[in-house]
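User: I have a model open and would like to understand how it is put together. Could you walk me through it?

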Amino acid sequence: MAKETEIDSGAGVDPDGDPVVQKAELVQALIIGGGAVGLFLLTFTFDEVSESLAQGIGPAVFPRAILLILIFLAVLLGYRALKPTLESAAKYKPAKSIPKIVYLSAGLLTLFVVGLNFIGALPSVVVFCVALSLLWGERRYGLIAVTFAIFTGAVYLLFDIALNTNLPTM
Amino acid sequence: MKNLPILATALSALLFAAPTQAQSNFPSQDIEVINNSKPGGGTDIFLRFATAEASKILGAKMLVISKTGGVATNALKYVASKPRDGHTVFSLLPGHLLTIMRGTTDLTIDDIVPVVRGTIDPELFVVKADAFNSVKELVATSKTRSIKIGGTKVGGNAHVASIILARKAGIEKYTYVPFRKSGEIVLNIASGRIDAALLNFDEVVSQLKSGSVKILASMTPKRLSALPDVPTGHEVGIPYNAAVIRGIGVMKGTPEPVIAALEKAFTEGMNKPSYLKYLNGAGQSASSIAGRAEWTAQIKEMYANFQEIGEELELLKKKK
Amino acid sequence: MEMAYQVLVFLSDPYNLLLIIGGTTLGVFIGALPGLGSVVMIALLLPFVVRMEPLPGIALTAVIYVAATYGGSITAILINTPGTPAAAATTFDGYPLAQRGEAGRALGIATFSSATGGILGILAMIVATPLLAKLAFYFGPAEYFALAVFGMSMLASISGNSVIKNLIGGAFGVLLGTVGSDLATGIERFTFDIPDLSEGIRPIQMMIGLFAGGELLRQSTQLGIKRELVADAVAKLPSWDDIKRLWGTVLRGSGIGTFIGILPAEGGTVAAMIAYNEERRWSKNKDEFGKGAIEGVAAPEAANNAATGGTMVPTLALGIPGGGSTAIILTAMLVLGLRPGPQLFEEQPEFLAGIFGAMLAANIYFLFLGMIGAKFFSRISMVPATFLWPMVFVMAALGAFSVQQSLFDVTLMLIFAFLGYFMRRYGYAPAPIVMGLILGELIEGSLKQSYLIYDGSLLAILQQPIALVFLALSVIGISSPLIGKLILNRKERMMPVGDPLDE
């Protein structure tokens with residue numbers, strides 16, 4: 001293991017060789033910490049246990065303990081992002097932005113689930129499969145048609161006929 | 001192959017000719033049976049047995065579907081959203097009544113038509129074999145230390161039943177210990193970690209036979225034929241009847257002939273050997289089965305009782 | 001010997017054999033489908049089962065249970081989607097192996113480990129059921145608490161930069177486990193007034209989203225990367241060297257699985273998780289885990305299948321079911337007029353022999369089925385991503401839907417899919433979250449039960465010998481990397497030349 005060279009060539013250090021603030025990690029720490037604080041406050045809105053039922057440990061105690069641990073860990077994560085060690089700087093890769101295709105794919109997944117609600121299962125399956133395949137750069141149109149036609153038929157046979165699931169319909 | 005749908009229609013018309021003539025055209029499609037608890041649980045199993053014969057009698061497929069959430073909130077909401085033509089029926093349990101009382105649905109007790117009752121699984125007061133000899137002894141002990149009563153989730157049926165039991169028996173100090181799986185309860189009684197619990201016959205029968213637990217009383221009006229030596233609660237100072245009661249209901253607005261057809265099919269089906277075997281396995285007799293009249297009266301009575309106890313226990317405290 | 005003879009009698013009936021073959025095939029299939037599991041299948045078959053003769057009827061349910069537990073591993077390896085919760089740990093290394101073009105090897109190892117684990121679990125049942133059943137009595141809330149803490153303790157024991165992230169993942173999983181109405185007070189927590197959440201988050205929905213959905217989104221960024229997979233290599237089954245190397249792992253996994261299976265509050269999912277963790281904790285090549293270590297497939301698969309034998313122990317000997325499937329099997333037994341309990345072993349040895357025989361035969365049958373199937377199924381990993389992943393997501397979404405026919409479940413699955421992608425991207429491994437969800441519920445529940453049982457004194461947990469042992473093991477487990485480091489440092493001082501980390 002050639003540690004020295006790794007630190008030199010690592011992206012987590014500035015030209016002087018000092019570790020830089022790890023932004024992505026800091027953002028994570030803020031999101032996790034902020035979320036945990038929010039949920040911690042939410043525990044105060046839990047319904048109260050009526051007196052005749054109150055016994056033992058209350059409903060909010062355990063979640064609060066876990067949230068405190070999460071907050072502590074988030075602070076630790078944030079501190080390490082602000083003051084990284086040379087070791088962690090060596091492994092640190094500044095985050096590239098999320099590729100557009102991820103958002104587009106995620107959008108299609110969401111549309112599929114929405115489609116289940118409105119246009120029914122089988123049309124959604126056909127549209128979603130073809131759209132995602134095209135989005136991902138598949139251009140063998142014949143193969144797309146055949147594969148997903150067979151697949152949709154199989155889905156129908158399996159869920160509707162064999163398993164008696166009432167798939168959503170229009 | 002174009003003729004296939006027509007052929008199928010003709011065939012089904014032939015097959016279902018007899019029943020369809022009698023009551024308009026019910027059933028004209030599969031019947032959904034909505035279970036308010038998890039697949040594989042006690043209610044699911046009850047519905048599987050209840051529908052197996054009834055679907056044959058009606059000549060329609062019956063699909064048991066679980067809709068859990070908010071005790072019976074999701075189940076009732078789902079049923080209410082469906083046409084009231086008898087093609088959607090649901091498991092009807094005391095939990096449904098509690099759900100209606102809590103007001104998490106827009107339904108009232110009058111929106112529900114009880115069709116048939118399928119089980120009365122009596123609650124048995126169970127303790128470790130060598131721990132207590134009688135209810136009296138247990139009550140005496142409760143003056144000096146807290147009796148640990150096991151059960152399922154707090155706020156659920158078993159919990160409410162345990163509170164009433166403790167009150168009626170005069171148990172002074174007690175702690176309710178909730179468990180996730182009912183199997184754990186009998187195990188913790190047998191190992192002496194907890195003192196007692198209300199359990200059903202099928203939950204204790206094995207441990208009873210091996211002699212590690214003992215039944216102090218059955219919470220029934222009469223002694224059980226499966227346990228002739230066990231006194232009833234009334235005999236030993238706990239004037240209280242408790243049981244896991246399960247039945248089937250439909251929504252108000254379902255046509256009378258359809259309700260009658262469902263009642264007939266379920267009652268007949270439940271009197272077939274396979275269902276009676278199921279009852280027998282749970283230590284019950286055929287008297288668990290009851291038609292619409294008896295089941296409706298019981299539901300009304302339970303509802304009234306719950307309102308009384310519920311207010312007392314503040315179980316119905318509305319959300320802020 | 002008597003028992004062995006009875007087993008042979010049962011298996012010599014062609015009707016029984018047919019039933020086992022049919023049941024096993026069905027079970028493997030249903031187990032492989034994400035969402036549906038043996039619980040739903042056995043419940044569906046129950047009305048038919050109770051019309052059969054008692055022995056073949058119960059044998060059929062047991063066989064489906066055994067086979068479905070194995071079936072979950074197939075989709076876990078091929079498409080990163082555990083067919084059943086018990087197969088969640090199998091994805092950690094099984095899927096990376098498939099990605100590397102070694103799907104056949106991974107499937108073969110899963111099959112071999114499952115069958116071996118299953119058979120060892122059943123052998124333990126045959127030899128010592130009445131004795132093993134007593135073990136269940138020694139485990140109460142305090143002991144479960146300690147055991148769950150022990151399971152969680154590995155989160156801290158992984159060395160490296162990711163300790164904080166592992167702990168965050170674990171804590172997040174535990175937090176997810178608190179969603180729903182509280183066992184001890186009935187109060188709803190983090191449900192946002194959605195009735196669907198009052199029963200908590202179903203692990204399978206979370207896993208399908210986290211694993212299948214998250215992986216789909218990750219795949220979308222890998223489209224340009226050509227994977228050169230050679231068909232013959234993909235379909236290649238594990239070598240004898242693999243098998244030889246895995247014996248110890250499989251034996252340890254089977255031991256853990258049988259033991260945890262016997263405990264009624266636990267089951268195959270916890271068994272697989274703990275087996276995976278222990279295998280990694282004590283492994284010499286820890287770093288390989290999560291990247292395609294064959295031990296990481298063998299350990300959980302041996303454990304979850306051994307647990308099927310384990311869970312049958314309290315079901316048959318005490319009448320206390322350990323899980324969803326065994327609860328229905330117990331009902332079927334009662335309906336068929338069989339009373340489980342110690343006396344069953346004296347009164348109806350031929351019945352037990354039949355059950356054991358059927359379960360053994362199911363394991364042997366799916367060993368062949370799986371080995372032959374691996375050759376074909378492994379080629380699924382060669383299907384181009386542009387065809388495979390749309391279909392995977394449809395199966396995942398409809399699988400999530402079919403359990404309760406609820407669109408809410410599908411939406412929840414979708415949310416976990418997004419979460420899964422982001423967590424992977426920023427270095428949060430899925431294992432700690434899954435462990436947190438599964439063990440967290442147990443930790444909270446058993447802690448509260450202990451508090452009530454011991455009249456508010458949590459110190460009493462430490463007075464339970466078994467609990468104390470597990471808590472001590474957790475402490476050792478957490479501190480072992482530290483101790484290891486101390487030893488290494490001393491060595492370093494003594495031998496200044498060379499890098500001790502390089503061995």
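Predicted model: local features only at pLDDT ≥ 70, side-chain atom pairs only at ≥ 80, totals over all residues.

User: Let us begin with chain A. How many helices and strands are there in its secondary structure?

Analyst: Chain A comes to 7 helices and 0 strands. Read from the N terminus on, its elements run α-α-α-α-α-α-α.

User: What radius of gyration does chain A have, and what would a compact globule of 170 residues have?

Analyst: Chain A has a radius of gyration of 25 Å, whereas a compact globule of 170 residues would be near 15 Å. Taken along the principal axes, the C-alpha atoms of chain A fill a box of roughly 65 × 60 × 25 Å.

User: Which domains does the assignment give for chain A?

Analyst: The assignment gives domain 1 (3-91) and domain 2 (100-162). Between the C-alpha centres of these two domains of chain A there are 38 Å.

User: And how do helices H2 and H3 of chain A pack?

Analyst: Helix H2 (residues 23-42) of chain A and helix H3 (residues 61-82) of chain A have axes 8 Å apart, at an angle of about 160 degrees. Angles over 145 degrees count as roughly antiparallel, so that is how H2(A) and H3(A) are described relative to each other. Their crossing is left-handed.

User: Which residues make that contact?

Analyst: On H2(A), they include A:Leu26, A:Ala29, A:Gly33, A:Ala36 and A:Phe40. On H3(A), A:Leu67, A:Ile71, A:Ala74, A:Gly78 and A:Leu82 are among them. By class, the contact of H2(A) with H3(A) has 16 nonpolar, 3 polar and 2 charged residues.

User: What about chain A against chain C: how many residues are in contact?

Analyst: On the chain A side there are 52 residues, in contact with 47 residues of chain C. Of chain A, H2, H3, helix H4 (86-91), helix H5 (100-118), helix H6 (121-135) and helix H7 (141-162) each supply at least two residues of the side that touches chain C.

User: Which of them gives the largest share of that side?

Analyst: H5(A) does, with 10 residues. The side of chain A that touches chain C divides into 36 nonpolar, 13 polar and 3 charged residues.

User: Now chain C by itself. How many helices and strands are in it?

Analyst: Chain C contains 21 helices and 2 strands. Its radius of gyration is 22 Å, close to the 23 Å that the globule rule gives for 503 residues, so chain C is as compact as a globular protein of that length. Along the principal axes, the C-alpha atoms of chain C fill a box of roughly 70 × 60 × 55 Å.

User: At what angle do H5 and H13 of chain C cross?

Analyst: Helix H5 (residues 88-99) of chain C and helix H13 (residues 268-281) of chain C cross at roughly 40 degrees, and their axes come within 8 Å. That makes H5(C) oblique to H13(C). From H5(C), the contact takes C:Ala88, C:Ala89 and C:Phe92, and from H13(C) it takes C:Thr269, C:Ala272, C:Met273 and C:Tyr276. By class, these residues divide into 6 nonpolar, 1 polar and no charged.

User: And H12 with H14 of chain C: is the crossing left-handed or right-handed?

Analyst: H12(C) passes H14(C) in a right-handed crossing. Helix H12 (residues 240-262) of chain C and helix H14 (residues 294-318) of chain C pack at about 35 degrees, with their axes 6 Å apart. The contact of H12(C) with H14(C) has 16 nonpolar, 12 polar and 3 charged residues.

User: Lastly, where is C:Phe190, and what is its phi?

Analyst: C:Phe190 is in the loop between strand E2 (188-189) and helix H10 (203-220) of chain C. Its phi is near 50 degrees, a positive value in a residue other than glycine. Most residues other than glycine have a negative phi.

Terms used: Residues numbered from 1 in each chain as written. Chains lettered and ligands numbered in written order. Axes fitted to C-alpha atoms, helices over the stretch in contact; angles between N-to-C directions. Helix = DSSP H or I, 4+ residues; strand = E, 2+ residues; numbered from the N terminus. Parallel < 35°, antiparallel > 145°, perpendicular 65-115°, else oblique. Left-handed = near helix turned anticlockwise from the far one by under 90°. Contact = placed C-beta atoms within 7 Å. Nonpolar A, V, L, I, M, F, W, Y, C, P; charged D, E, K, R; others polar. Rg over C-alpha atoms; globule rule 2.2 N^0.38 Å. Domains from an automatic or database assignment.
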